[in-house]
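Please look at the model below. The text after it goes through selected local features in chain order.

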Amino acid sequence: STRLIGALVMTHSDDLGLVLPPAVAPTQVVLVPISPKGAEKAPEQHAELMTFVDKAYDALKAAGVRVHVDERWNMKPGPKFYEWERKGVPLRVECGPRDVEAGTLLAARRTGGDKFALTLDDDFVATVKGELDGIQAQLLQAATERLKARTFEPASYEEMAALLEGSDGSSAPGFFLVPWHDDADAEEKVKKETKATIRCFPLDEQHRAEGQSCF
């Protein structure tokens with residue numbers, strides 16, 4: 001749903017653009033070949049580069065990785081890198097003539113960190129998949145920690161109201177986990193007094209409401 005997409009964007013993204021978890025990213029890996037002289041001035045060098053890049057592409061595609069090759073030769077590498085970063089592609093892999101000579105490709109994670117080399121050998125696909133799994137786990141851990149840090153358990157309605165005092169509804173401190181028996185009239189009262197609105201009933205926390213009075 002659109003709400004789920006919105007939550008995905010707001011949960012993981014940063015000031016540079018989207019950050020998409022590999023499990024749901026339309027493009028998981030983008031290959032950016034860098035042909036300094038181009039096909040017209042250095043056809044043999046260009047052909048060798050593309051053969052190398054196509055080998056990496058075919059290996060990833062055959063393994064089920066959602067991969068794309070950026071062959072827009074009218075664009076310089078910098079703008080390409082920025083665009084794919086903005087679109088949130090988890091792993092960007094670049095390759096130039098020197099990389100072909102070394103048998104490697106240079107990779108960058110959307111989540112940050114230093115660039116690192118990938119060797120185009122029998123372990124290439126497994127290494128890329130491992131990187132994608134690592135990015136997925138890193139995003140989940142970071143989001144889980146943020147959720148935990150921004151979830152509060154006030155002892156009373158009055159305590160929650162005090163924490164929300166002065167809030168306009170868009171700058172609340174986070175989530176409040178409280179016992180609730182689903183009363184529409186009371187919900188409207190809470191919303192009117194504090195601007196707080198109900199989000200969900202966490203199914204794995206229902207046992208904690210036993211023996212408690214409705215908030």
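**Surface and backbone features**

Valine 9 counts as partly exposed because its relative accessibility is 32%; buried means under 20% relative accessible area, exposed over 50%, and partly exposed in between (1.4 Å probe, protein chains only). This is a predicted model, in which local features need pLDDT of at least 70, side-chain atom pairs count only at pLDDT 80 or more, and totals for chains, interfaces and linings use all residues. Residues are numbered from 1 along each chain as its sequence is written, and side-chain values use heavy atoms, with hydrogens and water left out.

Valine 9 is part of helix H1 (residues 2-12); helices (H or I, at least four residues) and strands (E, at least two) are DSSP runs, numbered from the N terminus. Together with Ile5 and Met10, Val9 makes a nonpolar surface patch of about 320 Å².

Proline 43 belongs to helix H3 (residues 43-62). With 48% relative accessibility, proline 43 counts as partly exposed. Aspartate 58 is 15 residues away from proline 43 along the chain, and their C-alpha atoms are separated by 22 Å.

Which phi value does aspartate 182 have? Its phi is near 65°, a positive value in a residue other than glycine. Aspartate 182 sits in the loop between strand S7 (175-176) and helix H8 (184-194), and counts as exposed because its relative accessibility is 55%.

Lysine 195 is placed in the segment after H8. Phi of lysine 195 is near 75°, a positive value in a residue other than glycine. Lysine 195 has 47% relative accessibility and therefore counts as partly exposed.

Note on methods
Patches are made of residues with over 30% relative accessible area and no salt bridge: like charges are joined within 9 Å, nonpolar side chains (Val, Leu, Ile, Met, Phe, Trp, Tyr) within 5 Å. Accessible areas come from the Shrake-Rupley method with a 1.4 Å probe; for residues, only the protein chains shown count as cover. A salt bridge is a side-chain nitrogen of Lys or Arg within 4 Å of a carboxyl oxygen of Asp or Glu.
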